[in-house]
Amino acid sequence: MKTGEWTNTMPITPLVSVVIPVYRSEKIVPRLCDGLRTALAGLAYEIVLVDDCSPDGSWQAIEQQADSSKEIKAVRLRVNAGQDRAIMAGLNFATGEYVVVMDDDLQHDPTDIPRLLDRIRGGADVVYANFCRKRQTRLKNLMSWGAGKVAETVLRKPAHIYLSPFKIMSREIVNEIVRYSGPFPYVDGLIFQVTSHIDQIVVQHRERYDGHSTHNFWKQAALFLTLCVNFSVVPLRLVTLIGAACSAVSFLLGTYFLAIYFIRGVIVVGWTALVLINLFIGGILMIFLGVIGEYIGRILMNVNQAPQFVVSRTRNLPPAADRSPLPGSKAGP
């Protein structure tokens with residue numbers, strides 16, 4: 001049998017699956033896989049590497065690792081889908097009793113996986129890895145803090161839980177998460193929708209092994225928007241409250257101006273103020289329309305059944321004909 005071929009024999013279900021979205025990490029993949037093999041030695045495991053249509057040689061590096069080890073499963077997406085969609089693709093292919101999600105840059109230390117496994121075996125459904133010190137930009141720290149605060153309202157996240165990209169989930173939780181087939185997944189949001197049995201451990205955040213982060217401001221903003229819009233109607237309620245407040249202020253000002261006109265005969269002048277007020281209210285209205293339009297647009301994408309991801313090729317995985325359809329996927333031609 002050639003390396004990478006699939007047999008019809010029933011494979012052993014691994015204890016741990018490690019799902020890693022890969023993007024621009026050609027030089028990191030070999031070191032990452034070596035670290036995972038060492039950390040998981042003695043356990044039944046699989047590593048699911050999802051190439052998010054990376055423009056460098058990441059897929060070739062992943063193929064080399066898959067050819068050298070049957071525990072490494074390789075998935076390549078046909079178009080760049082983004083981190084959460086790539087994670088959803090990996091979760092659909094993962095078969096382990098417990099599933100770890102981590103980044104590809106080695107800032108998440110593979111040696112911490114056994115600690116996550118020990119903690120989740122204590123009865124939690126999900127265990128996050130919290131970092132005592134985050135080695136990332138101040139802007140990213142600020143946006144992560146803001147997303148966490150919003151999640152406390154939108155998702156009812158406990159204040160002490162950090163929404164880390166490094167986590168471990170039980171099979172039951174993964175099965176619930178992959179049922180979501182909408183085009184705008186947010187894994188942490190889905191987690192808090194299906195369980196409240198969540199724990200965390202403190203780990204070290206390492207320096208990036210090579211290159212620089214591709215998770216820029218706009219990707220953070222898109223993630224923030226998904227958190228706000230996909231999992232709550234809080235933005236719509238906020239828009240309603242602001243609109244009601246503006247209407248109340250306008251009514252009170254109008255009443256005041258009428259009162260001083262009839263009582264004192266004073267005509268209030270100030271065209272500049274009126275123009276500024278109109279511009280302010282016009283801007284508020286445009287924001288409101290944008291929020292409503294975002295909801296409507298996402299409804300349209302769901303109705304049109306836009307896929308989360310499109311699989312191009314796989315390694316060390318059964319042929320498409322032997323697999324059940326993936327909830328959020330579309331098979332490539």
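Trainee: Is D199 buried, partly exposed or exposed in this model, and how should I read its value?

Mentor: In this predicted model, D199 has a relative accessible area of 28%, and because buried means under 20% and exposed means over 50%, D199 counts as partly exposed. The residue lies in strand β7, which covers residues 198-203.

Trainee: Which residues is D199 in contact with, once its neighbours within four places in sequence are left aside?

Mentor: With those neighbours set aside, D199 is in contact with R119, A124, V126, V127, Y128 and I161. For I161, the C-alpha to C-alpha distance to D199 is 7.6 Å, although the two residues are 38 apart in sequence.

Trainee: Are Y128 and F192 buried or exposed?

Mentor: Y128 counts as buried because its relative accessibility is 0%, and F192 is buried as well, with a relative accessible area of 13%.

Trainee: What is the geometry of the pair formed by F131 and Y162?

Mentor: F131 and Y162 are arranged edge-to-face, with 6.1 Å from centre to centre and 70 degrees between the planes. Here too distant parts of the chain are linked, F131 being in strand β5 and Y162 in the loop between α5 (138-154) and β6 (167-170), 31 residues apart. F131 is buried, at a relative accessible area of 6%, and Y162 counts as buried because its relative accessibility is 16%.

Trainee: How do I read the packing of helix α1 against helix α2?

Mentor: Two packed helices are described by the angle between their axes and the distance between the axes. In this case the axes of helix α1 (residues 29-39) and helix α2 (residues 58-68) come within 9 Å and cross at roughly 35 degrees. On the α1 side the contact is made by V29, P30, C33 and R37, and on the α2 side by A61, I62, Q65 and S68. By type, the residues of this contact divide into five nonpolar, two polar and one charged.

Trainee: Which residues touch the most other members of the largest nonpolar core?

Mentor: That core has 43 residues, and L77, L91, M169 and I191 are the ones that touch the most other members. Its largest share, six residues, comes from helix α3 (residues 83-93). Leaving aside neighbours within four places in sequence, L91 is in contact with V19, V99, V101, M169, V174, I177 and V178. There is also a second, separate core of 37 residues, which includes L40, V100, I120 and Y162.

Trainee: How many helices and strands does the chain have, and what share of its residues is buried?

Mentor: The chain has ten helices and nine strands, and 43% of its 333 residues count as buried. Among contacts between residues at least 6 apart in sequence, 83% join residues at least 24 apart. The accessible surface comes to about 18,200 Å², and 60% of this area belongs to carbon and sulfur atoms.

Methods:
Residues numbered from 1 in each chain as written. Predicted model: local features only at pLDDT ≥ 70, side-chain atom pairs only at ≥ 80, totals over all residues. Heavy atoms only, no water. Buried < 20%, exposed > 50% of the residue type's maximum accessible area, 1.4 Å probe, protein only. Phe/Tyr/Trp six-rings, centres within 6.5 Å; stacked < 30°, edge-to-face > 60°. Helix = DSSP H or I, 4+ residues; strand = E, 2+ residues; numbered from the N terminus. Axes fitted to C-alpha atoms, helices over the stretch in contact; angles between N-to-C directions. Contact = heavy atoms within 4.5 Å. Nonpolar A, V, L, I, M, F, W, Y, C, P; charged D, E, K, R; others polar. Areas by Shrake-Rupley, 256 points an atom, 1.4 Å probe, with all protein chains shown as cover. Core = buried A, V, L, I, M, F, W, Y, C linked by side-chain atoms within 4.5 Å.
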